[in-house]
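This briefing is meant for someone opening the structure for the first time. Please keep the sequence and the 3D view at hand while reading the points below.

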Amino acid sequence: MSIYQRVSIDAALYVLRDINRNMTVTQNHITTGMRVAKAADNAVYWSIATTARTDNKAVSAIQDALGMAAATMGTAYTGVQSVIDVVSEIKAKLVAATEEGVDKNKINEELKQLQEQLRSVSESATFNSDNWVILTNDATPTQPRQIPASFIRNADGTVSVGMLSYHIDNTPVGATTSKDARYLIDDRATGTGEYGVLTSDHFATELGASQNYVLMTSKNGTTTGQVAISLSAATTKGQIGEMIRVVDAALTQLTTVGSAFGALEKRIELQNDFAAQLHDNITAGIGRLVDADMEEEASKLKALQTQQQLGLQSLNIANATYDTVRQLFQNF
């Protein structure tokens with residue numbers, strides 16, 4: 001005779017295997033901190049989270065670029081502010097030169113020092129080898145200087161990078177004017193200094209001055225006919241008056257340049273704050289999709305451990321019952 005009674009044991013083993021399987025999943029969630037670690041866990045959530053992670057890296061790169069741009073703009077604005085102070089001092093010296101009995105040659109020595117300071121300040125307004133106040137041969141004066149400001153994923157899945165721009169002005173129609181001078185110095189070899197407030201002679205020509213007065217001449221451009229502001233014993237009050245009007249017009253344009261840099265610096269600051277919030281929100285969104293709830297998972301693990309203990313006890317009871325029946329026949 002034979003005895004075959006495995007129904008209760010098989011049932012206990014099945015329950016125990018199911019508990020162990022659920023326990024393994026829960027332990028993985030706790031160990032990795034993620035409930036969707038691979039596509040097999042949830043293909044839709046995994047796909048969304050993966051795309052969001054790549055976008056978040058791009059947003060981080062934008063934040064870095066904005067930080068660099070903020071430093072560059074801050075440096076440029078500081079340079080413009082310092083130049084305004086120096087040009088104001090030049091204006092004051094010219095006004096003083098209109099007084100009777102003043103030694104114009106001595107004032108001219110002071111003007112030379114101030115003009116050298118203008119060049120020094122402008123060239124020093126550089127951050128990471130990038131100078132936004134001096135126009136060189138590497139830049140096109142009619143094209144805006146741009147910095148990356150945002151990463152955009154469109155509804156159709158395509159991506160683009162938004163830019164912030166510092167516009168010099170609209171492309172001039174015909175000849176340039178003093179309003180096109182949005183740099184401090186225009187040192188292009190192919191120009192006449194017209195895009196630099198300190199090197200443009202448009203202020204003098206538009207005011208009808210007798211000479212093409214400039215605060216300083218371009219290093220490389222064509223400067224024929226331009227006259228750097230200076231004094232001598234022979235300088236007349238009329239000529240000094242023209243110089244004062246030219247300097248005052250340049251100061252007005254310098255204020256415009258400073259306002260443009262200041263506005264862009266503020267825009268960069270706001271955009272950087274937005275990028276930081278966007279990065280945090282994307283991170284939180286990814287977490288809601290794929291991160292495990294550690295409190296819930298810990299409670300689930302405790303429950304499964306209890307179930308496992310009960311399952312083992314059930315299996316032991318089933319085995320004990322089987323052994324009892326077998327013992328009844330051990331003497332036959």
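In this predicted model, Glu242 is found in helix 5, which covers residues 237–290.

**Glu242 and its surroundings**
- When neighbours within four places in sequence are left aside, Glu242 is in contact with Ala209, Ser210, Gln211 and Tyr213.

**The largest nonpolar core**
- The largest nonpolar core has 61 residues, and the members that touch the most others are Val87, Leu94, Leu198 and Phe261.
- At least two residues of this core come from each of helix 2 (43–96), helix 3 (104–124), strand 4, strand 5, helix 4 (202–207) and helix 5, with helix 5 giving the largest share, 18 residues.
- Leu94, not counting residues up to four places away in sequence, touches Leu111, Ile229, Leu231, Ile240, Met243, Ile244 and Val247.
- In soluble globular proteins, nonpolar side chains tend to be buried together.

**A loop residue**
- Asn154 sits in the loop between strand 4 (145–153) and strand 5 (159–166), where its relative accessible area of 32% makes it partly exposed.
- Beyond residues up to four places away in sequence, Asn154 touches Val159 and Ser160.

**An annotated span**
- An unreviewed UniProt entry places the feature "coiled-coil region" at residues 97–124.
- In the model, residues 97–124 are 75% helix and 0% strand, and the end C-alpha atoms of the span lie 30 Å apart.

**The chain as a whole, and confidence**
- The protein contains six helices and eight strands, which run from the N terminus in the order α-α-α-β-β-β-β-β-β-α-β-β-α-α.
- Of the 332 residues of the protein, 37% count as buried, and among contacts with a separation of 6 or more, 67% are between residues 24 or more positions apart.
- The mean pLDDT of the protein is 84, with 87% of its residues reaching 70 or more.
- Among the elements, strand 7 (residues 212–214) has the highest mean pLDDT, 96, while helix 6 (residues 294–328) has the lowest, 70.
- Where pLDDT is low, the predicted coordinates should not be read in detail.

Technical notes: Residues are numbered from 1 along each chain as its sequence is written. This is a predicted model: local features need pLDDT of at least 70, side-chain atom pairs count only at pLDDT 80 or more; totals for chains, interfaces and linings use all residues. Side-chain values use heavy atoms; hydrogens and water are left out. pLDDT is the predictor's confidence in each residue, from 0 to 100. Helices (H or I, at least four residues) and strands (E, at least two) are DSSP runs, numbered from the N terminus. Contact means heavy atoms within 4.5 Å. UniProt positions are given in the numbering used here, feature names are shortened, and annotations may be inferred rather than shown by experiment. Buried means under 20% relative accessible area, exposed over 50%, partly exposed in between (1.4 Å probe, protein chains only). A nonpolar core is a set of buried Ala, Val, Leu, Ile, Met, Phe, Trp, Tyr and Cys residues joined through side-chain atoms within 4.5 Å.
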